[in-house]
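Subject: A structure to look through

Hello,

I am passing a structure on to you, and I would be glad if you opened it beside this message and followed along residue by residue.

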Amino acid sequence: MPAAASFRLISAMVALWLCWGSSFPAMRVMVSASPPLLASGTVFAVAGIVLATARLKALRGLSRRQVATAAGVGTCLLGSQGAVAIAVQHVFAGTAALLVAVVPLWVAVLRAAIGERMTRAAAARLLLGFAGVAVVVFAASGDGPGWSAWNLVVVAAAGGWAGGTLWASRTSALPAPAAATTIQLLAGGLVLIVTGCLAGETADFAPSAGSWLAFGHLVLIDSLAGFALYNWLLRAATVALISTYAYAVPVVAYLIGVLVLGEPFHPAVLGGAAAIVIAVAYEIRAAESS
């Protein structure tokens, strides 16, 4: 590969890590002064409207089944994101990012639950990854808000995201990626907005300047720029390179949380993060080769 093309690929990959790695710190800033369900739902809905406007042709000719399936998957995925948005009011952004990183391991658990055979190597990866989760949960609880069951909410939300991912990978009713992403953003965003209204969040809506900036960052950088980079990389890079986001993003988020938001640094968390990253990396490699 020519050096210029290689540089473009690496630059795009690093940009994707930064776009998605900054999402958790931005989410924590946003929900510090905004109702989490309404704010996160609005982020997704706005991003969905922008994509729908830009890719209107992609939405034409879809069947009801395709729309319903994409909406269901989006509700599952973004509903999990809504749970994380609530949790980061009580959990550090870097901690949440590291805990969400176990999604590929949850997918393996769900596959085993529906009858797929699990190898010894897969079981070892799960034990290593979830041992890392335990280290992160308890080590990160030693300062700031201390131990909180909200850590477990983030872990459970990762399981919900894994469920939506497995559903999407096993159905033949999803439309093309551009249409599927647009419908998922719109449906998931609408569900979160309605849920927030029913939960009475409208009475608490008093965003600060910082939360507005975080909102704009999540719409423009996390959702739209991240989506554009990811789709470009799908056409220009190998799956092995693209999949590095799954274990690079949580590390980037943790570093941003420490360096920018001033979240506490616990050396033990790095050990747990390393266990998670190694387990996820090998799980992704095993999934690619199967």
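Below are some notes on what was found in it, grouped by region. Please keep in mind while reading that this is a predicted model.

The crossing in which α4 passes α8 is left-handed.

If you wish to find the contact on screen, the residues on the α4 side include T69, G72, V73, C76 and L77, and those they meet on the α8 side include W150, V153, V154, A157 and G160. Sorted by class, this contact of α4 with α8 holds 15 nonpolar and eight polar residues, while no charged residues take part.

A glutamine in α9

Is Q184 buried or exposed? Its place is in helix α9, residues 177-198, and with a relative accessibility of 15% Q184 counts as buried, because buried means under 20%. Once its neighbours within four places in sequence are left aside, Q184 is in contact with A70, V73, G74, L77, L78, L174 and G189. Of these, V73, L77 and L78 are also listed among the α4 residues that meet α8.

Cysteines

How many disulfides does the model have? The count comes to zero. Two cysteines are worth looking up: C19 has a relative accessible area of 8% and is therefore buried, whereas C76, at 28% relative accessibility, counts as partly exposed.

Around α6

Helix α6 runs over residues 103-113, and within this helix V103, P104, L105, V107 and A108 are buried. Just after α6 comes G115, which takes a positive phi of about 110°.

Between α9 and α10

S208 lies in the loop between α9 and α10, the latter being residues 209-236, and with a relative accessible area of 31% S208 is partly exposed. From S208 to S223 there are 15 residues in sequence, and the separation in space is 21 Å from C-alpha to C-alpha.

Best wishes

Conventions. Residues numbered from 1 in each chain as written. Predicted model: local features only at pLDDT ≥ 70, side-chain atom pairs only at ≥ 80, totals over all residues. Heavy atoms only, no water. Left-handed = near helix turned anticlockwise from the far one by under 90°. Helix = DSSP H or I, 4+ residues; strand = E, 2+ residues; numbered from the N terminus. Contact = heavy atoms within 4.5 Å. Nonpolar A, V, L, I, M, F, W, Y, C, P; charged D, E, K, R; others polar. Buried < 20%, exposed > 50% of the residue type's maximum accessible area, 1.4 Å probe, protein only. Disulfide = S-S within 2.5 Å.
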